[in-house]
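Work through the exercises below with the coordinates open.

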Amino acid sequence: MTVRYAIRPAQPAAHVFHVTVTVDTPDPAGQHFMLPAWIPGSYMIREFARHIGRISALSGDDRVALEKIDKHTWRAAPAEGPLTLAYEVYAWDLSVRGAHLDETHAFFNGTTVFLLPAGHREEPCRLDILPPEGRRFSQWKVATGLQPARTTRRGTFGTYLAADYDELIDCPVEMGTFQRVEFTACGVPHEMVVTGRVPKLDLKRLGADLQRMAETQIRMFEPRRQMAPFERYTFLTMAVGDGYGGLEHRNSTALICRRDDLPYTGMKDTTSAYRTFLGLASHEYFHSWNVKRMRPAAFVPYDLARENYTRLLWMFEGFTSYYDDVLLARAGLLTEAQYLETIAKTLTTVTQRSGRLKQSVAESSFDAWIKYYRQDENAPNSVVSYYQKGALVAAAIDLTLRGRSSGRRSLDDVMRLLWRRYRKAGAAYTGVLEEELPEAVEEATGIDLTRLIRGWTEGTRDVDFAALFAPFGIVVERGLALDEPHFAMMGLKTRRDGADCRIVNVFDGGPAQAAGLSGGDVIVAMGGLRVRASNLDALLSRYAAGDAVEVTAFRRDELQQHVVTLARQPPPKYVLKVDAAATKTAARLRKQWLRER
Ligand code: ZN
């Protein structure tokens, strides 16, 4: 049996999709339909059903009674098939996780728009993607990882197919008048579409750079066969004035980026903004292996109704965050110095936050649903990022393996072993067990890192990078973070709130915390001079470490006076440098690590 869906951007100006789902043989006891509460890859309960508006059920021409059972489930009264549900979805969430529709474009994830008929999750799906009505939309095209039916030309409106519901909701769809570039990587067709106004976008460079990135990743997982795990791949990119995010899918990804992160014709170098974009694309692409296919046992299958708990996100997000940049270096898209700059930045950020001493990355993974994804003003003091510390753990494992084996073994061997296990299991794949990594490291490399890995992931131990980098001829310099005076001298982060200077975070053990300032307070004066959103650092530059400064701030609408004693010791900042005097062996190890063979 096939479940049939149709979606139309019916009222672009009102941001409303019309959707139908038809089941030929509904449950005789009454057919249930549910919408996922979350989207795999983004670990937070989002309750997408809140965007569903008018909804009705029909059997032939007859209206069928529909009852709401819980926040995201409906039950249609018993009816002879086929049974069709028709409903409206409000789509005004410009993120990679939801759906967005206006007169310039349409984007949706299936988790936001496609109700799942209970008992039909494994059945094939047919989806009619219908165009909006009106001549002004006649130039719209379609981009998606879904397979077009024989009657439909790829890239146009028509019928698309999915093997089951999970594939249907794992293939987001973009419609509009996007810019587009195609390339092949290891023989596999790839495309990137870019929505949003981006003048003079250098599509040619984008295609060439993404190709290098993609081929390096395919060759890492499959050095001999050089085969990608999909038949084609689609990057759906939304370019905006300010924004950043990505979500991985099995043969596509949805990205949101700043327009200024994309290359323009005539741009010669790899700007740090463009590096940010390449890092994002590389990250989501790496997920094609690490989390979309190899994944925690807790995600096999995904339970779409509630939280799915695993202590391993440091491995699936952290390792991906490590490889996204290191593989850009190996692809020749980052220089050695640029790469060392990115890892030093991660080391600095993790070390500056006391959250790393209170939560392990395993705990952070488990609690992602209520902590990492729901960060408040206290997050730096209470949460460790399983992305950032997870990336450091990956680097630590990789460097340890390379160091101990004179460069003959590495984390790549471990990833390839896990990949072979996935491929060998086929449909019987049960996922990566919570304790599997140390054992896989030993099997792949003959080196036992169990105790070290436990300390870094189940405990809160810092990674000793000075010792780890030394055999690679890299020196770790521990300097002071002086680039943001308000952070260095007061121990707080602020944001511009209109003309106001509002405190976002107050760091543990810092001068602001000791003086009684809090997240949410608005600083209005310092040393008798008015503070605005833009001048806090300029005012601070007149003071020195150890000075006591009067700070006036509003908490809600109550004015408060504080005396802040400026820090004598600013937070640490790490710089990684290649040691010019390093041995030949060290240079060889470094090359093996950062260059593709
Ligand atoms: Zn990720």
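**Exercise 1. The second largest pocket**

How much space lies in the second largest pocket? Then describe its lining.

Solution. The model is a predicted one.
Step 1: take the volume. The second largest pocket holds about 750 Å³ of space.
Step 2: find the elements around it. Helix 3 (203–221), helix 5 (313–330), helix 11 (411–425) and helix 12 (436–445) each give two or more residues to the lining. Helix 11 supplies the largest share, six residues.
Step 3: list the lining. There are 27 lining residues, and Arg219, Met220, Pro223, Asp412 and Arg416 lie nearest the centre of the pocket.
Step 4: The lining has 17 charged, six nonpolar and four polar residues.

**Exercise 2. The zinc site**

Solution. 
Step 1: pick out the donors. His283 and His287 each coordinate zinc through NE2, and Glu317 through OE. The distances are 2.0 to 2.1 Å.
Step 2: read the spacing along the chain. The donor residues follow the pattern H-x3-H-x29-E.
Step 3: apply the cut-off for buried, under 20% relative accessible area. His283 has 8% relative accessibility, so His283 is buried. His287 has 0%, so His287 is buried as well.

**Exercise 3. Helix 5**

Solution. 
Step 1: compute the expectation. Helix 5 has 18 residues and, at 1.5 Å a residue, should span 26 Å.
Step 2: compare. The end C-alpha atoms of helix 5 are 24 Å apart, which agrees.
Step 3: look past the end. Gly332 follows helix 5 and has a positive phi, near 80°.

**Exercise 4. Two residues and their contacts**

Solution. 
Step 1: locate Arg46. Arg46 sits in the loop between strand 3 (31–34) and strand 4 (52–59). Its relative accessibility is 13%, so Arg46 counts as buried.
Step 2: list its partners. Arg46 touches Ala37, Trp38, Arg97 and Tyr373. The C-alpha atoms of Arg46 and Gly98 are 9.4 Å apart, though 52 residues separate them along the chain.
Step 3: turn to Asn381. Asn381 belongs to helix 9 (residues 379–382). At 2% relative accessibility, Asn381 counts as buried.
Step 4: list its partners. Asn381 contacts Ser354, Gly355, Lys358, Val506, Phe507, Asp508 and Gln513.

Conventions: Residues are numbered from 1 along each chain as its sequence is written. This is a predicted model: local features need pLDDT of at least 70, side-chain atom pairs count only at pLDDT 80 or more; totals for chains, interfaces and linings use all residues. Side-chain values use heavy atoms; hydrogens and water are left out. Donors are N, O and S atoms within 2.8 Å of the metal (3.2 Å for Na, K and Ca); water is not among the atoms, so sites may look incomplete. Buried means under 20% relative accessible area, exposed over 50%, partly exposed in between (1.4 Å probe, protein chains only). Helices (H or I, at least four residues) and strands (E, at least two) are DSSP runs, numbered from the N terminus. Contact means heavy atoms within 4.5 Å. On a 1 Å grid over the protein atoms alone, a cavity is a set of points where a 1.4 Å probe fits but cannot get out, and a pocket is an open set with protein on both sides within 12 Å along at least five of seven lines; lining residues have an atom within 4 Å of a point. Grid points are joined across faces, edges and corners, and a volume is the space filled by probe spheres set on the points. Ala, Val, Leu, Ile, Met, Phe, Trp, Tyr, Cys and Pro count as nonpolar, Asp, Glu, Lys and Arg as charged, and the others, Gly among them, as polar. The expected span of a helix is 1.5 Å times one less than its number of residues. Lists of a residue's contacts leave out its neighbours within four places in sequence.
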